Amino acid sequence: MQFEVWAPQADHVTLTCDGVTHAMERDPERAGWWTKEAEAHDGSRYGFALDDGPVLPDPRSRRQPDGPDGLSAVVDHGRYTWRTPPAGRPLPGAVLYELHVGTYTPEGTLDAAAERLAHLVELGVTHVELMPLCPFPGTHGWGYEGVSLWAVHEPYGGPEALKRFVDRAHELGLGVVLDVVHNHFGPSGNHLPAFAPYLTDTHHTPWGAAVNLDAPGSDEVRAYLVGSALAWLRDYRIDGLRLDAVHALVDTRACHVLEELSAAVDALGAETDRPLFLIAESDLNDPRFITAREEHGLGLHAQWNDDFHHALHTALTGESQGYYADFARAPLAAVAKTLTGGYFHDGTYSSFRGRTHGRPLDRSRTAAHRLLGYSQTHDQVGNRAQGDRLAASLSPGLTACAATLVLTAPFTPMLFMGEEWAASTPWQFFTDHTDPELAEAVRRGRRREFAAHGWAEEDVPDPQDPATRDRSCLDWDEPRREPHARVLAWYRQLIALRHTHPDLTDPDLADTKVAYDEDARWLAVRRGDVRVVVNLGKEPAAIPLGTRPVRVLAAWEPVREPGDDGVLHVPGESSVVLEQA
């Protein structure tokens, strides 16, 4: 087997494989690369030593059986026999479901999660979006402090378990999206700087030195990131990737790394005849991320739309702190603006940032499915002090209103696991750092952050306490109990309507019309022949829909169809979906 490693600063490099040490040789055709042919098989343990230093794991390790600091293991991807062909499911018309493997089930493994995939088929979602799977210290964590970007966290089941999960998902007709983190490496177990300039002090990010995308040595770092992304899509048959916080990728080169990545993914999709896609998380409100490369954009296929979330959240909860302030001034107007224009901040002043923010989205060139819409995500729930979900503070009726607006919006809808039955379990911030100093620093930092917002220290869960993770696991008995069963039935009904009524997946933002009454707290949306009405107020609302006949497709509370006056009477904290006859 051919082993290779990029270590441009080393004078000599050795490979240790299954206890045998071999001197490596410089690759004459690739500067900084070292190679060695050695006997190995699936599962062989190996690592590299630079200049007589300690044996370190492979930066491109496919498996870390003993965690980020242990030896790497050879993975023979050809050993797995796939049961289903990698046909893929495209993004247009999709409904995504964000899932954290470690808390989706009490077992916290990919195999246990795969056993629950039938629930998602019954729900009607089309794609599972897995939160990051790369190895990190300990057993439990969110996954955003991962290292070894080509490997699967061993406590989740490792590489074979991910293949079994994807195989089962595809067998059930579900696509699989994977959240990947390219903007930083975890603080513990990260041995990349020992090998090469993977980081640079030229730029700084919230995590410290930036990933090296434009300084000397950046060609190989970019190839490392692109190669990792393609490996997930090729070796594990993943259908798409979610790219974490792309605004933190500092790249001053003429060809941005995201453009390079999107070109490589499109090429792999064409080669394999699969509709592969990339979804960015970005808070820049910059349409260039989702504009085609031929039109001088970066060529990503979609992005999360936090503006829609913030507008909807303020309308539902009345919260106005931090970045919610601008949306809370007129929340229904904010919801209407995002539903029809995509961004709320499109060159407008952001009081949270103290400057103007964003730029307008060209509705004639940007299909609505390129924006993801949601009422909850791992960030928006888990980054609250106590990890409380919307259902913890809203009535079932308002929870249903949130679902109605998300699942009938022009955007690609995304749910966060458990929201479909208004889960009562929180989803809190938890870690399992094995370094005591790092663990204490995270604990203190979390409590200090929320103390500034008035939270008592004892009210902020300890991230390192195993009970914090345990509290965050879904309770799978809840969907059979009320009021959870009723909420679940409502989600299923709305998703079914989305799949059967083409107007609800029409990608034309300009064809979405919205009327609202800020004081009475109702909002009405027109999507072709479909009418969507939500009453967020406690009192019944009389909402004019026009004189054309309509029929009720779904209603949270019973309603009568409008009479000759065209007025629909909607109970408080309720929503209705109608269709023109």
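**A parallel barrel and its nonpolar cores**

In this predicted model, a barrel is closed by 8 strands, which follow one another in the order β9-β10-β11-β14-β15-β16-β19-β20 with parallel pairing. On average, neighbouring strands of this sheet are turned by 30° against each other, direction ignored. Strands of a sheet pair through backbone hydrogen bonds, either parallel or antiparallel.

In soluble globular proteins, nonpolar side chains tend to be buried together. In the model, the largest nonpolar core has 144 residues, and the residues with the most contacts inside this core are L120, L130, W232 and L241. The most is given to this core by helix α6 (residues 218–235), with 9 residues. When neighbours within four places in sequence are left aside, the contacts of L120 are Y97, L99, Y104, V125, V128 and L174. Another core, of 12 residues, lies apart from the largest one; L545, V550, V570 and V576 are among its members.

The loop between β14 (240–243) and α7 (257–272) contains A254. The relative accessible area of A254 is 88%, which is over 50%, so this residue is classed as exposed. A254 and L438 are 184 residues apart along the chain, and their C-alpha atoms are separated by 37 Å.

Technical notes
Residues are numbered from 1 along each chain as its sequence is written. This is a predicted model: local features need pLDDT of at least 70, side-chain atom pairs count only at pLDDT 80 or more; totals for chains, interfaces and linings use all residues. Side-chain values use heavy atoms; hydrogens and water are left out. Two strands pair if DSSP finds at least two bridges between them. Helices (H or I, at least four residues) and strands (E, at least two) are DSSP runs, numbered from the N terminus. Axes are lines fitted to C-alpha atoms, for helices over the stretch in contact, and angles run from 0 to 180 degrees between N-to-C directions. Buried means under 20% relative accessible area, exposed over 50%, partly exposed in between (1.4 Å probe, protein chains only). A nonpolar core is a set of buried Ala, Val, Leu, Ile, Met, Phe, Trp, Tyr and Cys residues joined through side-chain atoms within 4.5 Å. Contact means heavy atoms within 4.5 Å.
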